[in-house]
Amino acid sequence: QYLSGAFGGPVQYDVKQMRPAHYNMNITDYHFDVVSELFQRASKENGVEAEAMMDAAVVVAKVRADVTTGCVVRMELAKKKNAQDGMDQLFQRLGGLDGVMAMIDRLYECAERDKRINMFFEGAKLQTLKRQQTDYIIATLGGPADYRGRTLEEIHLVLQMNDYHLDCFMQNMARALRDVGAEQDAVDEATVVLEQLRKKILFHHYKNNK
């Protein structure tokens with residue numbers, strides 16, 4: 001609907017709704033770039049001329065801020081909240097030990113059904129993985145768990161994970177938190193904390209794709 005009006009056709013979308021519509025979507029520049037790339041590829045495959053594709057790319061780029069600002073603002077507010085009030089408050093707002101463990105149970109239910117990433121959540125060692133991940137997440141979110149397992153770099157060495165897979169996992173994490181009753185600001189604060197682990201989780205992916 002937006003593109004129809006933006007490209008000179010019938011106006012079917014109120015551009016003023018773009019920012020509020022995307023405010024609670026965790027869309028970053030990375031995601032916007034991926035969609036833009038797919039848009040360019042689809043245009044080329046459908047015979048759109050190069051000059052027209054460039055003009056279209058300019059039009060699409062104009063809404064980048066409207067699409068991504070919500071995520072940026074929410075994550076910055078979450079970072080400030082964590083820095084100001086500490087991790088103890090976050091852990092308690094997530095329901096304490098019972099709340100976080102319920103979230104992890106729900107997370108595994110979602111991940112095991114998610115065809116995008118369920119290949120990482122199967123096999124004989126699944127329960128061991130879940131137990132170790134539970135300890136790690138509890139400790140990371142400010143809880144009392146004492147994690148003594150392997151480093152994230154070691155655990156993910158043989159897994160062919162990339163940013164897409166981790167984004168899917170984080171999406172399931174946010175859903176699990178909401179499903180067990182966490183408020184949106186607490187979900188954002190937990191997301192910020194766990195997002196800081198990306199470089200460790202994908203260390204070998206980044207190293208092998210320089």
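**Cysteines and an aromatic cluster**

Author: In this predicted model, the sulfur of Cys71 has its closest cysteine sulfur in Cys168, at 15 Å, which is too far for a bond. Cys71 is buried, because its relative accessible area is 7%. Cys168, in turn, is in no disulfide either, and the cysteine sulfur nearest to it, that of Cys110, is 13 Å away. Cys168 counts as buried as well, with a relative accessible area of 3%.

The aromatic side chains give another picture, for the structure holds five aromatic pairs. In one of them, the rings of Tyr108 and Phe121 have centres 5.3 Å apart and planes at 90 degrees, and the pair is therefore edge-to-face, given that planes over 60 degrees apart are classed in that way. Tyr108 belongs to helix α7, which covers residues 96-113, whereas Phe121 lies in the loop between α7 and α8 (126-140), so the pair ties together parts that are 13 residues apart in sequence. Both partners are buried: Tyr108 has a relative accessibility of 1%, and Phe121 has a relative accessible area of 9%.

Phe121 also forms an aromatic pair with Phe169, and here the arrangement is stacked, with 6.0 Å from centre to centre and 5 degrees between the planes. Phe169 sits in helix α10 (residues 163-179), while Phe121 is in the loop between α7 and α8, so this contact ties together parts that are 48 residues apart in sequence. Phe169 counts as buried, because its relative accessibility is 12%.

Taken together, Tyr108, Phe121 and Phe169 form one aromatic cluster, in which Phe121 is edge-to-face with Tyr108 and stacked with Phe169.

Notes: Residues numbered from 1 in each chain as written. Predicted model: local features only at pLDDT ≥ 70, side-chain atom pairs only at ≥ 80, totals over all residues. Heavy atoms only, no water. Phe/Tyr/Trp six-rings, centres within 6.5 Å; stacked < 30°, edge-to-face > 60°. Helix = DSSP H or I, 4+ residues; strand = E, 2+ residues; numbered from the N terminus. Buried < 20%, exposed > 50% of the residue type's maximum accessible area, 1.4 Å probe, protein only. Disulfide = S-S within 2.5 Å.
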